Amino acid sequence: MIEFIIKLHPEIAIKSKSVRKRQTLLLERNIRTILLRVNDNTEVKNNFDHLTVRCPSDDAALKQQLIDRLSCIPGIVHFSEMQSSSFNSLHDIYQQVAEVYADQLHDKTFCVRIRREGSHEFSSLEAERYVGGGLNQLVSSARVKLSKPDVTVALEIRKDRLIMVRKQHQGMGGFPLPSQSDVLSLISGGYDSAVASYLMIRKGLRTHYLFFNLGGAAHEAGVREMAHLIWQKYSLSHKVKFVSVNFAPVVEQILENIDSGLMGVVLKRMMMRAASGVAESLGIKAIVTGESIGQVSSQTITNLSVIDRVTETLILRPLIYHDKQEIIDMARKIGAEDIAKSMPEYCGVISKKPTVNAVLAEVLATEQNFDFSVLDQVVQTAKVLDIRTIDYQADQQAHVVSELAELPADAIVLDIRSPEETDTKPFRLASHKVEQLPFFRLASQFVNLDQSKQYYCYCEHGVMSRLQALVLQEQGFTNVAVYRP
């Protein structure tokens with residue numbers, strides 16, 4: 001039996017009874033929705049101040065999958081991996097506990113806490129003294145301390161079953177989705193917008209994604225994958241939207257009609273205008289950006305003030321005081337670094353000598369030269385997609401990507417999954433050569449491969465393979481297809 005005890009984030013625990021009940025119910029529902037995807041026999045029970053997860057299996061791989069999922073569900077501060085077994089005596093209980101805890105107690109203070117249910121020949125206090133005394137003798141460097149010990153040996157005795165905490169795992173904390181409504185996150189595929197989106201999800205905000213395309217199909221491919229990664233890992237319990245706006249016509253208007261030093265500020269103002277329109281159409285009340293004070297010229301206090309004047313929609317900036325290295329470290333922690341570091345900064349090409357102290361009157365004056373019908377048109381023609389269907393074929397029928405289940409004799413398979421996936425689930429073929437080339441390097445490094453060969457992209461579900469093969473075809477490569485075993 002696989003069993004976990006789930007502890008709520010402290011901010012949930014201090015809420016009023018009614019709010020706490022609502023948020024706990026949301027968390028219960030989210031855990032069930034996500035874990036049933038892993039194993040349909042998983043049981044989730046709500047105990048008000050904690051939740052339990054049980055799965056009738058002893059499979060180690062399944063247990064790791066459950067751990068990976070639980071660690072990425074908003075609202076869980078930590079969860080404990082439990083071990084359940086039978087016992088025949090108090091000494092048998094001590095021996096089982098010693099096997100699990102002895103190595104953890106060297107040079108530590110500890111105490112034993114036991115909750116008991118049923119009829120036994122000993123009381124809870126007697127059991128605590130017996131087990132604690134035995135551990136104290138077994139580990140000579142350990143010392144009993146009843147108040148604030150280094151290690152608490154937490155046990156439950158339920159009739160003829162002994163239940164103990166085998167290992168504790170860290171959760172992501174925060175509030176369960178969607179306890180704090182919806183937001184629209186401006187995502188570029190880089191570090192800042194990825195981390196900002198994650199922090200909003202952690203706060204219980206169902207986060208939708210808005211992408212302003214300045215770099216064509218290859219740019220959008222990477223950004224879609226970033227949004228999909230964050231959604232799948234941290235907010236899988238709820239479907240969200242991915243909105244793509246072709247902003248190239250807007251950039252063209254800015255380059256032709258806006259004063260050079262003000263281009264960056266005007267671009268951000270146009271993005272905020274467009275974002276407000278998209279948010280309103282989706283019934284969303286707030287926009288999220290990855291801006292941080294002083295990081296680039298448009299992110300000075302003066303320029304941010306000028307940018308914000310363009311809309312009444314609430315703009316949230318969760319990274320506003322973070323340093324760049326802190327943001328990169330967070331991106332690494334949440335698994336977004338590999339994609340982020342491969343994404344070029346398209347917004348940076350707008351102004352060669354950007355102002356850091358934009359004057360609102362001057363910005364308004366230069367915007368008189370802008371054709372706002374262009375902005376209206378790109379917003380009206382925005383693509384609104386369900387993030388679960390990230391696939392280019394639906395809207396690019398002109399391109400056909402071949403998919404094969406059986407490979408030609410001389411074919412080479414490109415495993416385009418992330419290094420984390422290839423390490424966890426290696427993919428090999430006895431009959432064909434398999435090369436690893438992560439999707440975020442494929443567009444730039446495919447040209448270095450032997451172009452006399454035929455290549456077949458592989459990923460677990462086939463979505464990214466089709467997407468990346470399409471991007472390569474748009475770059476002129478005809479020797480690429482998809483392998484779907």
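Lys148 first: I get a relative accessibility of 74%, so it counts as exposed (over 50% relative accessible area; buried is under 20%, partly exposed in between, with a 1.4 Å probe and protein chains only). Its phi is positive, about 50 degrees, although Lys148 is not a glycine. I find Lys148 in the loop between strand 6 (143-144) and strand 7 (151-158). Helices (H or I, at least four residues) and strands (E, at least two) are DSSP runs, numbered from the N terminus.

Housekeeping before I go on: this is a predicted model, where local features need pLDDT of at least 70 and side-chain atom pairs count only at pLDDT 80 or more, while totals for chains, interfaces and linings use all residues. Residues are numbered from 1 along each chain as its sequence is written, and side-chain values use heavy atoms, with hydrogens and water left out.

Next entry, Asp107. Here too I read a positive phi in a residue other than glycine, near 60 degrees. Asp107 sits in the loop between helix 4 (90-101) and strand 5 (109-117), and is exposed at 64% relative accessible area.

I also checked Pro178. The loop holding Pro178 runs between strand 8 (161-170) and strand 9 (182-186).

Which residues of helix 14 (residues 372-380) are buried? I noted Val374, Leu375 and Val378. They cover an arc of only 100 degrees around the axis, which puts them on the same side of helix 14; the arc is that of the directions from the helix axis to the C-beta atoms. Their packing partners are strand 11 (241-246), helix 8 (248-257) and helix 9 (263-282), with contact meaning heavy atoms within 4.5 Å.

Overall tally: I have 17 helices and 19 strands. Of the 485 residues, 52% count as buried. The C-alpha trace spans about 90 × 65 × 40 Å along its principal axes. Among contacts between residues at least 6 apart in sequence, 78% join residues at least 24 apart.

Helix 7 (residues 216-234) gives the largest share, 3 residues. I list Ile34, Arg69, Gln232 and Tyr234 among the lining residues, which have an atom within 4 Å of a point on a 1 Å grid over the protein atoms alone, a cavity being a set of points where a 1.4 Å probe fits but cannot get out.

How values were computed. 1 Å grid on protein atoms, 1.4 Å probe; cavity = no way out; pocket = protein on both sides within 12 Å on 5 of 7 lines; lining within 4 Å.
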